[in-house]
Amino acid sequence: MSMDPMRKFEHAIKGRDMICAVLDQCRIMTVSMNDGETPYTVPLCFGYKADDEGIKIYVHTGADGKVTRFFEKKPQVFCVTYILYHDLVKYYRQDYHDYRSFMAKGTVFEVTRKEMSFIHGTAVQAMLKQYKRPRTHFDVPHYMWMRVWCISCKWEDISAKAESPIDRIEDVPFPGPDDPIDDRPPEYERLFCKKFFETEPVCTEPEADVAAEECTGETRIPAEKIRLEAAWDDKDGTHTDLDAYALFLNEEEKMPRRYDLVFHNAPTTFRTEAVRFLGDDICTVKGRESMEFDLSSFGESYSGAAICLSSYEAVSNARFIGDAANIRVTLCNAATGEPILRYRVRSVKADAQAMQIARLKKIDGAWYFIPEEKYYEDWRQPHVFAEYGLAEWRE
């Protein structure tokens, strides 16, 4: 079972090299396990090696002892390490505190000198390197009786995070006492404007649309659980990378906070689990992006949603909303798959970078699909946020 996605996605540190840079700053690994009755946690010195499959964390124990007896059972363990910045005089990125943390699930096995001599040497050298000690700087009597262990963690079972968004390896280390003050603001906007993919995205070609009744105006939605698909076709054989997303609205039809949405970087939000984004089109089905709503639960927190499309990196890619053809939205009953309605965009502003297609709105206890086309000059989501009252969105 892999790690759950972070609900506050802006804290996530993406990229394997960035995750390793976090580990390079840490000095103590806390390893937690369970003997079936009582949880047990121990801080250990460590080293590591990363490869295409994941990270191997190396630790050592004595010839006997509680940790050793636990490890001999080859348990599943959970590893945590972190570094903390806190300075009430010298701030970092416009704050007085920040952190970097690493978490991983893995399985323990012993690395012996006889059967696994090469790996044993690699493990010892990795632990020395972690503490900036030279290759020959170890105690020989200690080396002869200590037992070395490997905690093997797959990439899908590893995560790292920070208090403020970071995007560059050079920003992982915190400033030292003699370093100048780093007063750059956290780059929150970037998180709503950049795609993060762990592997190279691969999509499939779309199938033909299912038949659905064409919607021309406000239409009541007869199901509580729906699947909403935004779709578009290529024009002139060139794919336009559009991104669908839903902004959640309150009774005043305003977006309360920057987290009140779902899109490719935030498939769910921590304020409601009643909406799920199902994947970017270049990772799933080309020209199709879907999300599921449980309207009965969604309405407990919100009274509506704006359904939007943006042309990713519109200016640098020179691809705009008008470069996609036959833009449409289809609603289906999520439980049965039966189509409810389809709405086709009536007119397209060729040079628009983003648009709203429609709204879902709760009226007198019932939910309605309301066509409402609006166009925006900037593809970035914070620009659209401002249209819904969230001008100061860095709360």
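Is Asp260 buried or exposed? Asp260 is buried, at a relative accessible area of 0%. Buried means under 20% relative accessible area, exposed over 50%, and partly exposed in between (1.4 Å probe, protein chains only).

This is a predicted model: local features need pLDDT of at least 70, side-chain atom pairs count only at pLDDT 80 or more, and totals for chains, interfaces and linings use all residues. Residues are numbered from 1 along each chain as its sequence is written, and side-chain values use heavy atoms, with hydrogens and water left out.

**View A. Asp260 and Arg271 form a salt bridge.** The N to O distance is 3.5 Å. A salt bridge is a side-chain nitrogen of Lys or Arg within 4 Å of a carboxyl oxygen of Asp or Glu. Arg271 is partly exposed at 31% relative accessibility.

**View B. Arg227 pairs with Glu292 in a salt bridge.** Their closest N and O atoms are 3.6 Å apart. Arg227 sits in strand 10 and Glu292 in strand 14, 65 residues apart. Strands (E, at least two residues) and helices (H or I, at least four) are DSSP runs, numbered from the N terminus.

**View C. Arg359 meets Glu372 in a salt bridge.** The N to O distance is 3.0 Å. Strand 18 holds Arg359 and strand 19 holds Glu372. Arg359 counts as buried at 9% relative accessibility. Glu372 is partly exposed at 22%.

**View D. Helix 3 covers residues 117-130.** Its buried residues include His120, Val124 and Leu128. Lys132 follows helix 3, with a positive phi near 55°.

Conventions: The expected span of a helix is 1.5 Å times one less than its number of residues.
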